[in-house]
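Here is a short report on a structure with more than one part to explore. Look at the sequence and the model first, then read on.

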Amino acid sequence: MAEVAPKSVLYCKICSWPPEYCEFGSSFKRCQAWLQENNEDLYNQLYSNANLSNQLSSLSIEKEAKLSADLEKKQAKEEAKAEKELAKKLMSKITIKRIERNKRKHIISISGMEVLEMDLKKICKTFANKFATGSTVQKNAEGKNDILIQGDVSDEAKEIIEKLLTEQGLKDVKIEQVDDKKIKKKQAAQTQTK
Amino acid sequence: MFKKFSKEEIHSRSNIKSSVQRGLKANFVSLYPNIEQAIDLVIPKKSQVILIKCEDKIQLYSVDKSDEDGENREIVMFQHFNDDLVPTLTTIHKFPEAFPRVQVDRGAIKFVLGGANIMCPGLTSPGAKLPDENIEEGKIVTVYAEGKEHALAVGKLLMSTDDIKSKNKGHGVELIHYLGDGLWNYHD
């Protein structure tokens with residue numbers, strides 16, 4: 001039986017489509033730049049002038065113009081949307097909360113991890129492995145998923161999260177460390193003495 | 001089918017038995033005879049296939065990826081309830097000759113990438129291509145585009161290609177899976 005070798009297809013790292021479809025995506029300009037950098041042959045093949053005129057083949061010029069105008073509009077829209085989303089992401093923050101369980105024991109609750117766009121369960125598992133403690137994903141009052149880690153590991157957890165953030169280029173996301181029970185208790189004590 | 005698809009819709013994943021795996025391969029070959037020579041490359045003999053069951057009776061089959069590209073598992077085909085097995089676009093890109101193909105004109109690309117069903121005129125206009133021999137209704141076809149090399153979608157014929165040519169009206173292909181949909185963007 002003769003084996004047929006699989007065809008290897010290059011995919012655009014930006015929009016994940018084969019490069020020839022980049023022009024229909026939402027990030028055409030970035031795709032183009034990426035292709036030029038990484039595969040110049042194909043770039044020239046796709047975007048040289050001679051080829052562009054070829055593509056017009058079956059559609060009338062008017063139609064083609066309309067098509068490209070529509071696409072451009074859409075691309076601009078999508079880009080604005082993506083930018084907004086990124087800004088929103090950078091605005092959000094991750095909260096590491098240290099909750100007192102009894103006098104010497106603590107639980108760490110991490111909320112706001114959605115920005116990472118990673119499987120929370122997987123992150124949870126890495127935490128559990130790293131600290132050799134129990135770790136769960138739980139829904140909080142707002143209906144978002146929190147990671148709960150048994151043990152007082154907030155500093156270490158912060159380091160790991162920072163690493164993950166830099167990997168994804170979200171360095172600017174703030175991480176806040178909160179000590180939950182103690183503050184409340186102090187406040188309660190203060191109000192009582194007053 | 002996969003316009004909206006995310007990890008939340010996955011119910012369970014399980015390894016399938018090697019005998020079931022063999023059956024799956026036989027089934028796939030019987031649907032697409034041309035892939036017979038390459039079936040061991042789609043699903044290698046020693047590999048473990050994982051069946052991922054999802055919402056709405058969608059079943060995905062994933063295998064170990066042969067090339068090193070970060071992610072190590074890849075979905076090669078999927079099935080809805082008891083319908084025909086459908087190869088994913090990554091599989092189609094690797095073995096383009098193995099599947100029946102239709103071609104749409106340039107004007108239709110935009111809509112196809114948005115997930116729309118393909119209308120007959122988009123399949124019969126000068127830029128489009130239909131195979132000479134008839135393909136029956138309900139068969140799975142891969143969708144190509146004018147001036148492009150790679151497939152951009154997979155769909156199910158809503159009428160036979162002969163009917164598409166003669167009637168030239170209405171929905172011709174029901175789009176199942178296309179570039180940029182939930183399944184395409186899904187990674188393990």
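Directly after α5(A), residue A132(A) adopts a positive phi of about 55°. Helices (H or I, at least four residues) and strands (E, at least two) are DSSP runs, numbered from the N terminus. A132(A) sits in the loop that links α5 (120-131) to β3 (135-139) of chain A. A132(A) is exposed, with a relative accessible area of 68%. Buried means under 20% relative accessible area, exposed over 50%, and partly exposed in between (1.4 Å probe, protein chains only).

This is a predicted model: local features need pLDDT of at least 70, side-chain atom pairs count only at pLDDT 80 or more, and totals for chains, interfaces and linings use all residues. Residues are numbered from 1 along each chain as its sequence is written, chains are lettered from A and ligands numbered from 1 in the order in which they are written, and side-chain values use heavy atoms, with hydrogens and water left out.

## Helix α5 of chain A

α5(A) has 12 residues. From its first C-alpha to its last, α5(A) reaches 16 Å, close to the 16 Å expected at 1.5 Å a residue. That expected span is 1.5 Å times one less than the number of residues.

Which residues of α5(A) are buried? They are L120(A), I123(A), C124(A), F127(A), A128(A) and F131(A). These residues are on the same side of α5(A), because they cover an arc of only 140° around the axis. The arc is that of the directions from the helix axis to the C-beta atoms. An α-helix has 3.6 residues a turn, so residues three or four places apart point the same way. The face turned away from the buried side of α5(A) carries the exposed residues K121(A), K125(A), N129(A) and K130(A). The cover over the buried residues of α5(A) includes β2 (105-111), β3, β4 (145-150) and α6 (154-167) of chain A.

## Chain A as a whole

Chain A has 7 helices and 5 strands. Its elements run α-α-α-α-β-β-α-β-β-α-β-α from the N terminus on. Chain A has 194 residues, and 32% of them are buried. Contact means heavy atoms within 4.5 Å. Among chain A contacts between residues at least 6 apart in sequence, 50% join residues at least 24 apart. The accessible surface of chain A is about 13,300 Å², and 51% of it belongs to carbon and sulfur atoms. Accessible areas come from the Shrake-Rupley method with a 1.4 Å probe; for residues, only the protein chains shown count as cover.

An unreviewed UniProt entry lists residues 68-97 of chain A as "coiled-coil region". UniProt positions follow the numbering used here, feature names are shortened, and annotations may be inferred rather than shown by experiment. In the model, residues 68-97 of chain A are 80% helix and 17% strand. The end C-alpha atoms of this stretch are 51 Å apart.

## L165 in chain A

L165(A) lies in helix α6 of chain A. Is L165(A) buried or exposed? L165(A) is buried, with a relative accessible area of 2%. Beyond its neighbours within four places in sequence, L165(A) is in contact with I94(A), L116(A), L170(A), K171(A), V173(A) and I175(A). V115(A) is 50 residues away along the chain, yet its C-alpha atom and that of L165(A) are separated by 8.9 Å.

## Chain B

Chain B contains 6 helices and 10 strands. Chain B has 188 residues, of which 53% count as buried. Residues 24 or more positions apart account for 57% of the chain B contacts with a separation of 6 or more. Chain B exposes about 8,900 Å², with carbon and sulfur atoms supplying 48% of it.

Helix α4 (residues 106-113) of chain B is mostly covered, with 6 of its 8 residues buried. The buried ones are R106(B), A108(B), I109(B), K110(B), V112(B) and L113(B). Just after α4(B), G115(B) takes a positive phi of about 100°. N168(B), in the loop between α6 (161-167) and β10 (171-178) of chain B, has a positive phi near 55°. N168(B) is partly exposed, at 32% relative accessibility.

## The nonpolar cores

A nonpolar core is a set of buried Ala, Val, Leu, Ile, Met, Phe, Trp, Tyr and Cys residues joined through side-chain atoms within 4.5 Å. The largest one has 78 residues. Those with the most contacts inside it are Y21(A), I35(B), L60(B), M77(B) and L152(B). Strand β8 (residues 140-145) of chain B gives the most to this core, with 5 residues. Apart from this core lies another, of 22 residues, among them L120(A), F127(A), F131(A) and L165(A).
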